[in-house]
Amino acid sequence: EATYLLWVDCTAVTADAERLCGFIRERTGLYITAGNQYRGNGKTFVRINAACPMQTLKDGLNRFAKGVSEYLKTEKK
């Protein structure tokens with residue numbers, strides 16, 4: 001009965017978290033929020049809501065990992 005949010009630094013992956021979030025949503029169906037909506041240094045961060053059942057969280061984290069991996073492959077081309 002509380003809110004659990006992850007603030008993930010993506011500077012090793014991209015300088016544009018909004019682009020990364022869109023890519024992940026398109027490829028995996030996972031909705032995460034780009035940090036730039038929250039001001040400050042959010043341009044390189046994503047926010048992930050972890051207030052859900054463990055199975056849902058594991059699925060989301062697996063999708064996130066898959067999306068980041070695919071993003072990195074795409075960016076190297």
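Guide: Before we begin, a word on naming: helices and strands here are DSSP runs, at least four residues long for a helix (H or I) and at least two for a strand (E), and they are numbered from the N terminus. Please also keep in mind that this is a predicted model.

With that in hand, we can turn to the largest pocket, whose volume is about 220 Å³. Its lining is made up of 14 residues, and those that lie nearest its centre are Leu-30, Tyr-31, Ile-32, Ile-48 and Asn-49. Two elements each give two or more residues to this lining, namely strand β3, which covers 45-49, and helix α2, which covers 54-76. Of these, α2 provides the largest share, with six residues.

Strands of a sheet pair through backbone hydrogen bonds, and the pairing may be parallel or antiparallel. In this model three strands form an open sheet in the order β1-β3-β2, with antiparallel pairing, and the edge strands are β1 (5-9) and β2 (33-34), each of which pairs on one side only. The pairing of β1 with β3 is antiparallel and runs over five bridges; within it, Leu-6 stands opposite Ile-48 of β3, and Ile-48 is one of the residues named above as lying nearest the centre of the pocket. On its other pairing, β3 is joined to β2 by two bridges, again with the strands running antiparallel, and here Thr-33 has Arg-47 in β3 as its bridge partner.

Side chains of opposite charge can pair when their charged atoms come close. The model holds four salt bridges, and three of them can be described one at a time. In one, the side chains of Glu-75 and Arg-19 meet, with N and O 3.1 Å apart; Glu-75 belongs to α2 and Arg-19 to helix α1 (residues 17-28), and the two partners are 56 residues apart, which makes this a link between distant parts of the chain. Glu-75 counts as partly exposed, because its relative accessibility is 35%, and Arg-19, with a relative accessible area of 48%, is partly exposed as well.

A second pairing joins Arg-27 to Glu-70, where the closest N and O atoms are 3.3 Å apart; here too distant parts of the chain are linked, since Arg-27 sits in α1 and Glu-70 in α2, 43 residues apart. Arg-27 has a relative accessibility of 42% and therefore counts as partly exposed.

Through shared partners, the salt bridges join Arg-27, Lys-66 and Glu-70 into one network.

Thr-14 is found in the loop between β1 and α1, and its side chain makes a polar contact of 3.1 Å with the side chain of Tyr-71. Is Thr-14 buried or exposed? With a relative accessibility of 11%, Thr-14 counts as buried, because buried means under 20% relative accessible area. In helix α1, which holds Thr-28, a polar atom of the Thr-28 side chain lies 2.7 Å from the backbone oxygen of Ile-24, and Thr-28 is buried too, with a relative accessible area of 14%.

To return to the pocket itself, then, β3 and α2 are the elements that give two or more residues to the lining around a volume of about 220 Å³.

Conventions. Residues are numbered from 1 along each chain as its sequence is written. This is a predicted model: local features need pLDDT of at least 70, side-chain atom pairs count only at pLDDT 80 or more; totals for chains, interfaces and linings use all residues. Side-chain values use heavy atoms; hydrogens and water are left out. On a 1 Å grid over the protein atoms alone, a cavity is a set of points where a 1.4 Å probe fits but cannot get out, and a pocket is an open set with protein on both sides within 12 Å along at least five of seven lines; lining residues have an atom within 4 Å of a point. Grid points are joined across faces, edges and corners, and a volume is the space filled by probe spheres set on the points. Buried means under 20% relative accessible area, exposed over 50%, partly exposed in between (1.4 Å probe, protein chains only). Two strands pair if DSSP finds at least two bridges between them. A polar contact is a pair of N or O atoms within 3.5 Å; within protein, one must be able to donate a hydrogen and the other to accept it, and residues adjacent in sequence count only if both atoms are side-chain atoms.
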